[in-house]
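Subject: Structure handover

Hello,

Here is the structure I promised to pass on. Please open it beside this email. My notes on its aromatic rings follow.

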Amino acid sequence: MAVRHQLIRRPPQALWAVLEDESRFHEWVVGTHSSCPGDGNWPKQGSTLNYTVRLGPKEVAGFTVVRRYEPPRFLELEAFSGPLGTARIAFDIRPWGENTLVILDEHPLSGMGGTLHNGALDMVLQLRHRRLLRRLAGVVEESAPQRGRETADA
């Protein structure tokens, strides 16, 4: 199991604004080349998002299903990536003063990822999560002004 955390220097509602915008998925999910709406009303439970993953010159189509949507604390996704298999991706979102602490927990469920799941794969997931959470923090922090700054800069 690969668990990693990131402090985002914005309040939880700024993070939710990014998580709830399916058009921005590819901006912060590492490996995702493009994304587009699927079925339902993202990110309501049961809704889907379609995406492509680039593996060198090859593209793999996949989709993600929302399994748990409980703002302001939890978002759980199940990613279906063809031959790579499926994975559970859970975001635990906690207010941390005026900021947000995000705890990301991902583990393979089926397919190659599930079959080959071991400590080495968890290390690869940790590297991916480090990059994903940094990208997510960057998108959120660039999208939302810091509290107190919007009036100071005016």
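First, a term. Buried means under 20% relative accessible area, exposed means over 50%, and partly exposed lies in between (1.4 Å probe, protein chains only). At 7% relative accessibility, Tyr 51 therefore counts as buried.

This is a predicted model, where local features need pLDDT of at least 70, side-chain atom pairs count only at pLDDT 80 or more, and totals for chains, interfaces and linings use all residues. Residues are numbered from 1 along each chain as its sequence is written, and side-chain values use heavy atoms, with hydrogens and water left out.

Now the rings. Rings of Phe, Tyr and Trp (its six-membered ring) pair if their centres lie within 6.5 Å; planes under 30 degrees apart are stacked, over 60 edge-to-face, and the rest tilted. The whole structure holds 6 aromatic pairs. Phe 25 and Trp 42 have ring centres 6.3 Å apart and planes at 80°, so they are edge-to-face. Phe 25 sits in helix H2 (residues 25–28) and Trp 42 in the loop between strand E2 (32–37) and strand E3 (48–55), so this pair ties together parts 17 residues apart in sequence. Helices (H or I, at least four residues) and strands (E, at least two) are DSSP runs, numbered from the N terminus.

Phe 25 is buried, at 6% relative accessible area. Trp 42 is buried too, at 9%.

Phe 25 also pairs with Tyr 51: this pair is tilted, 6.2 Å centre to centre, with 40° between the planes. Tyr 51 lies in strand E3, 26 residues from Phe 25.

Ring pairs join Phe 25, Trp 28, Trp 42, Tyr 51 and Phe 91 into a cluster.

Best wishes
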